[in-house]
Amino acid sequence: MGKVKSAIITALFVAAVAVLAFFATVSFGLPGGVDTYNSFVANIHLGADLTGNAYATLYPEGVISTADYQLVANDEENSDSEVYAEKYLERGGAYVSKDKLGYTYVDGNYVEPAEGDKTESEFKASIKHDAEVLLKRLGDKGYSSYSVLVGDEGFSIKVSLPTNFSYVEYKESQNTYSSDNLADQISAINVLSYSGEISLRDSNTYDGSNSVVSVIKHDFKSFFSGASALTRGGSSWILINLNDYGFEKLNEALGNYGGSETTAYFYIGETCLGLSVTIADGIADKTLAFQPSNMTASAVQDVAILLNSAIAGNEISNVYNDEAENSGTNVIATTSKFGAYAPVYLFAALLAIVVAAIIGPSVKYKKLGLVNALSVLIYALAMVTAIMLIDIQVTIAGAFAAILGLALLLFSNIVSFEAIRKETLTGRTIQASVKLGYKKTVFAVLDIHVLLLVIAVMLALIGVGEVAAFGFISLIGVIASYVLHWFTRFMWFVTSSPARDKFKFCGFAREVEDDED
C-alpha cells in the first residue's frame, strides 16, 4: 500500500475516533444558552451502587403507617380522631384495621375474633403472596438490583429500586431528587402493584361499566399469549398478542355485544389502563398495538409487564396505597453507599485504565503500540455507545466486565505481537513473521473468545439483575475485542506499509549473527 492511501485511511479512522470521542465524553451548552448537550457518558444510567436507591413502603387497604395514624388520631380537632383510635390496632410499625384482624362490627362496637379465627393469618398470607408477585414483575424491568420484602410484622411490603439516574441527572438531583427517572421509579412501583384480573369493559370509569366479554363464559386471560413493549425512534407501543382461541372468542364477544360503536377499555382490577378498542370494528389482527401518547417508554414497559403478569395468572389480591387512605406512594431516595462522587471516581478509574492500556504497549512496541492504542480507544468508545443505546444500567460490576473485555483485547494483541517477534528472531522478514505469527495464534485467540462469549451469553440469558447486566456488558466486550483484534491486524498493515524499516516500526530488534571465518 502506498504512502498516500495509508495516510488517507489512517487519517479517516483517527478523525472518526476523535469526533466520536468528543461527543462521547464532552458536554457543552448549545447556542442560546438554554439547552445543553450531554455526552454519551453523562447519559448512561447507573446502578444503585453508584447513584443510590429509591425506597417505598406499600400498605394494603386497611393498613396505614404510624405517621398517618398519628396525624389523625392525635389531632383533637379532627373529627376522625376517635374513629381512628377505635378502628385501628398497632402491629409492628403500622396500624391495621380491626376488620382485617378478624374483628366484627356489631351495634357500634368491635367484637374480638373467635378463637381459631384465621382472618389475620389469611390477610398476612395474601400480602406475602402479593410481595412474591411484585418481585416477579420488578424482575422483568431489568433493574441491576432490587428487593421486595414483607415488613411491619407481615402487614406491609417494602420495595427497594435503583434510582436509575444518569450522572447528569444524579448531579442535578442530589438535593431535590426531582428527575424524570425517579418519577419513572415511582410510576413503576404504583403500576406494578395494581391488583386484580385483566378485563375488557365498556367505559373508562369502572363504576357503572360492564364487562364486554361477559356474554361468553370463558376466562378472559386465556385469550392471550402475552404482552410486550416496543420502542423505536423515540416512540413506544404496547403489544398484546391474542392466541388463535382468543382471536376467535374475542371477535365473537364483540359481535354479540350488539354491534355498537362503543369503545372497550382494558382493565386490571378496577384500574383502567387507557388501552381501548372499538367494539363495532372487531379485531382484525392477533396482535393489538397501542401507542399511548401520555406514557414514557418506562411506563409503557410497566404496563406490558403488568399485562403479562395478569395473563399468566400472577395477580395481586390487595389494593395498595389507596390515595384516600394512605396519601399515595411516598418514595425516599438515598445517595450511593460509596458517596456522592462515586460515579466520578469510577469514571476516573476507568480513564486511568484506558490510558495505561495505551501507554504500556506504546512504550514496548513503539509505533505499533499506537496502532494498538487506536484499537483501545475504539473499544472504549464502542462500549460507551453500545451501553447508552441499549440502555444497560451500569454498576461497578458492569464496569469490571468492560475492563475484562479490554484486558481480553490487550491479551489477544500482545500474544500475536510476541508470536511475530519470535518469528523475526528466526531470520524471517517482517511480512512473513506477521502472517505466521497471526496464523499460529488464531486458534488460541478464537478459543478464549468463544469460551468467554458462551459464559457471557449464559449470564445474560439466565441471570437476573446485576448478573444479567454483567453478562450483557461482557457479551459486548467479547465481540468488540475479537473484531478489534483483527482491526489491529488491518491497521498494522495500513500504517506500517510506508515504513522503510518495519522492524523499527514494531519496536523489534532483528539479530543477525556474523558468519564465522
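Helix α1 (residues 3-25) packs with helix α13 (residues 367-390) at an angle of about 40°, the axes being 10 Å apart. Axes here are lines fitted to C-alpha atoms, for helices over the stretch in contact, and angles run from 0 to 180 degrees between N-to-C directions. Helices are DSSP runs of H or I with at least four residues, numbered from the N terminus. The model is predicted, so local features need pLDDT of at least 70 and side-chain atom pairs count only at pLDDT 80 or more, while totals for chains, interfaces and linings use all residues. Residues are numbered from 1 along each chain as its sequence is written, and side-chain values use heavy atoms, with hydrogens and water left out.

Back to the pair. The angle makes α1 oblique to α13; under 35 degrees counts as roughly parallel, over 145 as roughly antiparallel, 65 to 115 as roughly perpendicular, and the rest as oblique. The crossing of α1 past α13 is left-handed, meaning the near helix is turned anticlockwise from the far one by less than a right angle; clockwise would be right-handed. On the α1 side, F13, V17, L20, A21 and A24 meet L374, L377, I378, L381, V384 and T385 of α13, contact being heavy atoms within 4.5 Å. That contact has 10 nonpolar residues, one polar and no charged. Nonpolar covers Ala, Val, Leu, Ile, Met, Phe, Trp, Tyr, Cys and Pro; charged covers Asp, Glu, Lys and Arg; the others, Gly among them, are polar.

As for the spacing of such positions, an α-helix has 3.6 residues a turn, so residues three or four places apart point the same way.

After α13 comes D391, with a positive phi near 65°.

Next, α14 and α15. Helix α14 (residues 396-424) and helix α15 (residues 430-462) have axes that come within 8 Å and cross at roughly 150°. The two are therefore roughly antiparallel, and α14 passes α15 in a right-handed crossing. Contact residues include L408, F411 and V415 of α14, and Y438, V445 and L452 of α15. By class, this contact divides into 13 nonpolar, seven polar and two charged residues.

Last pair: what is the angle between α8 and α10? The axes of helix α8 (residues 180-192) and helix α10 (residues 297-311) cross at roughly 15° and come within 9 Å. α8 and α10 are therefore roughly parallel, and the crossing is right-handed. D184, S187, A188, V191 and L192 of α8 meet S298, A299, D302, V303, I305 and L306 of α10. Their contact has seven nonpolar, two polar and two charged residues.
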